[in-house]
Amino acid sequence: MVLSSADKNNVKACWGKIGSHAGEYGAEALERTFCSFPTTKTYFPHFDLSHGSTQVQAHGQKVADALTKAVAHIDDLPNALSDLSDLHAYKLRVDPVNFKFLSHCLLVTLACHHPEEFTPAVHASLDKFFSAVSTVLTSKYR
Amino acid sequence: MSFLSAEEKGLVNGLWSKVNVDEVGGEALGRLLVVYPWTQRFFQSFGDLSSADAIMSNAKVKAHGKKVLNSFSDGLKNIDDLKGAFAKLSELHCDKLHVDPENFRLLGNVLVCVLAHHFGHEFNPQVQAAFQKVVAGVASALAHRYH
């Protein structure tokens, strides 16, 4: 799946509108993922996963910062995300199915907070973008 | 043991009572065809699906979306026996329509996105989680009679 220039523009515009809320949305997307897909909690036995947890907030910010970097380097995701790709392949080893759960919950979070931005075309572009990021993060798994 | 807890049933029914089923149906089916264009394979006779705008304003897409979501809505009334409720439709989707059940999962998640879009903060993590169970249950019920 290739990101068209329209996709890239949609993603950049949407992510730009999010601005400083990115960390908050990252945390919300994680909370939604843990709620809807409880098996994802198995990767965080060391976390307090209750609502408002500072660990989840911090982790949400981390995820958001990585996505912000990905948006800034949308033309070269493999290079920009290379370190994160190594981390996920050799250390974290999160099963690939889980990237779909988090990606879906990121879409849901954005739909909730930015209904005007979340048009069908932008929805499609974001879905493709998260899919592309997920592919890069799992690219060195085997 | 019930499929959904009493609390989850409350959350689902509470939100669903505010849903314009006809409109949300058209929106969900339209977005499915936009976001996952390969799903258009089942709708070759629907006319112009050449752009997001064309799809979302296509009368056949809206009509079919309305049909699909009304059926889903009926199923919600039998939430504790989804397999029974969707048995005939499952056979139809396998034997006549030849739809890969993966498409039911895709549509379910698009529906969740549409609900989030419409309800915003009201569609909180707990409400979403209850709906994820519902759409997974419906998808599973529709796939149950496949052979």
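A disulfide is a pair of cysteine sulfur atoms within 2.5 Å. I kept that cut-off at hand while going through this predicted model.

**Cysteines**

I looked up A:C35 first. Its closest cysteine sulfur is in A:C105, at 9.0 Å, so the two are too far apart for a bond. A:C35 is partly exposed, because its relative accessible area is 28%.

I then turned to B:C113. Here too the closest cysteine sulfur belongs to A:C105, and the distance of 9.0 Å is too far for a bond. B:C113 is buried, with a relative accessible area of 2%. How many disulfides does the structure hold over all chains? I noted 0.

**A:K41**

I located A:K41 in the loop of chain A between α2 (22-36) and α3 (54-72).

**Cavity**

I searched for cavities of 30 Å³ or more and the count came to 1. The volume of the largest cavity is about 50 Å³. Which residues line the largest cavity? I listed B:G25, B:A28, B:L29, B:G65, B:V68, B:L69, B:L107 and B:L111. In chain B, α2 (21-35), α4 (59-76) and α7 (102-119) each supply at least two residues of this lining. I sorted the lining residues into 6 nonpolar and 2 polar, with no charged residue.

Notes:
Residues numbered from 1 in each chain as written. Chains lettered and ligands numbered in written order. Predicted model: local features only at pLDDT ≥ 70, side-chain atom pairs only at ≥ 80, totals over all residues. Heavy atoms only, no water. Helix = DSSP H or I, 4+ residues; strand = E, 2+ residues; numbered from the N terminus. Buried < 20%, exposed > 50% of the residue type's maximum accessible area, 1.4 Å probe, protein only. 1 Å grid on protein atoms, 1.4 Å probe; cavity = no way out; pocket = protein on both sides within 12 Å on 5 of 7 lines; lining within 4 Å. Points joined across faces, edges and corners; volume = space filled by probe spheres on them. Nonpolar A, V, L, I, M, F, W, Y, C, P; charged D, E, K, R; others polar.
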